Amino acid sequence: MLGPWWITISMGMMLLGLGPLYAALFQIPLNSFFPNVTLGLIFWGFIASTINDSCTVFAAAASYLKHSNNPLSLFVWRLLARNILQLAHQMVLYLPVAVLSGIVIGPSTLLFVPGFALLVVNLHAIAISLGIICARFRDVTQIVGSLVTFLMFLTPVIWMPESLPARARLVLYNPLAQFLALVREPLLGRVCGPEVWGGAIAWTVVNVLIAMSIFSWKRRQVVYWV
Amino acid sequence: MAILRLENVTIDLPIFGFDAGSLKKTLATTVTGGRIKLETGITVVRALDDVSLNLRDGDRLGLYGHNGAGKSTLLRTLAGVYPPTKGTYRREGTLASFIDPMLGIEMDATGYENIHLRGLVMGLNRATVNRILPEIAEFSGLGNFLSMPLRTYSSGMLMRLAFSIVTSVRADILLLDEWLSVGDAEFQERADKRMREIVDNTGILVLATHSPEMIRRECNRVMELCHGRNMGEKELPQDTTAAPPLADVI
């Protein structure tokens, strides 16, 4: 009956449980913690789900690959479209949170758009690389799954980057942390420093180059692997 | 003007051992020097060996051969699915492949939704699909069942829907793996008429079949494949009354 709104409801319940409890545990005021963790979980869900699903994106499309001549990117776009739709369903939860926490938005919020676009470009590249590798070696899917779970703790999803002691700041250079900051900060009414943009662009170049090499080297073999 | 050309094409298919898909096991055999017995080897099968063909508008090629001769592999190569290991492949003109009519079918979606889905997979845009939808629905004869999910259909109904969708688009080049003949007697008659219409209006036809009568009826050229090799291609005279028995030709 509620159909797609279950996606929203389940994320909403997790936030309602996690938000107030962890704010109290970390001893951070709720109105600065809650929007942070809401956006963190929503975007992390998007990124993690896309990366995990991209491992099986070509293996799952085996019948298409074996009977027709569709470009590989078609399956990646389907994956991205599906995940962006889920993201959109969950983003509606941020609106009441932002209003109640007194987030002030201004023209700098529009920086979310190029930030998100950069994130999508990266996810596309990662999906192509992982999809091709996992089409050949099926157990890499599990390795990626474990890595993504591990990275969730190294990324300021639930905890706030400000709480990090100075010597541990290195953790914030992890690419997922930088991309998360890129999309989260504008929506919190803040602006990302240039080092975040620089890091994100550098990672984008690296990911796209890796994807292009793997693609041109092994694309023709994918149909034999699935 | 449709063109379909293969020049000295060889297709090598890698067959992976059961454990070859595992990175951990492949690395383990490298490290232990193969002492642990794991099937990480890759066998390569030469599915097509130095096959050439040159087809133009008006050509109807019949592919004939024993099971496992390479007919389906050749069809997939012509469809662009397998890139040639050696040799070149050239195609000009749109291509419709009737090899797998069930491609892209979603069992949980309704008949109408599947028509949209298949239409998009075949490269049509939404407006075109909406335009041809009533005609497809009417041809399939499935009536109200089209609003129900495909998992409620019988296999005959599934094939009828798949057939109606797949034969609703015209293309310059047509690839057939056996003549499509589905459904009950009444549907078969309409289906045969539609196949006739499509084949008569297409530029190039490639038909893989075990039936010499089919080849005689439909094709003007026949190629015999044996273990991936082209054993000979012959022109068939279209005047069947003066034609020698097919056994002499093939």
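Let me begin with how a helix pair is described here: axes are lines fitted to C-alpha atoms, for helices over the stretch in contact, and angles run from 0 to 180 degrees between N-to-C directions. What I am showing is a predicted model, in which local features need pLDDT of at least 70 and side-chain atom pairs count only at pLDDT 80 or more, while totals for chains, interfaces and linings use all residues. Residues are numbered from 1 along each chain as its sequence is written, and chains are lettered from A and ligands numbered from 1 in the order in which they are written.

I will take chain A to start with, which has eleven helices and zero strands; helices here are DSSP runs of H or I with at least four residues, strands are runs of E with at least two, and both are numbered from the N terminus. The C-alpha trace of chain A spans about 55 × 50 × 35 Å along its principal axes.

Within this chain, helix H2 (residues 30-54) of chain A packs against helix H9 (residues 175-187) of chain A at an angle of about 135°, the axes being 10 Å apart. That angle makes H2(A) oblique to H9(A), given that angles under 35 degrees count as roughly parallel, over 145 as roughly antiparallel, 65 to 115 as roughly perpendicular and the rest as oblique. Leu39(A), Gly40(A), Phe43(A) and Ile47(A) of H2(A) make the contact with Leu176(A), Leu180(A), Val183(A), Arg184(A) and Leu187(A) of H9(A), where two residues are in contact if their C-beta atoms, placed from the backbone, lie within 7 Å. By class, this contact has seven nonpolar, one polar and one charged residues; Ala, Val, Leu, Ile, Met, Phe, Trp, Tyr, Cys and Pro count as nonpolar, Asp, Glu, Lys and Arg as charged, and the others, Gly among them, as polar.

Turning to the two chains together, 13 residues of chain A are in contact with 16 residues of chain B. On the side of chain A that touches chain B, helix H4 (62-67) and helix H11 (222-225) of chain A are the elements that give two or more residues, and H4(A) provides the largest share, four residues.

Finally, chain B is assigned domain 1 (3-25 + 38-94 + 215-249) and domain 2 (111-205), with bounds that come from an automatic or database domain assignment. The centres of domain 1 of chain B and domain 2 of chain B, taken over C-alpha atoms, are separated by 26 Å. Their contact takes 13 residues from domain 1 of chain B and nine residues from domain 2 of chain B.
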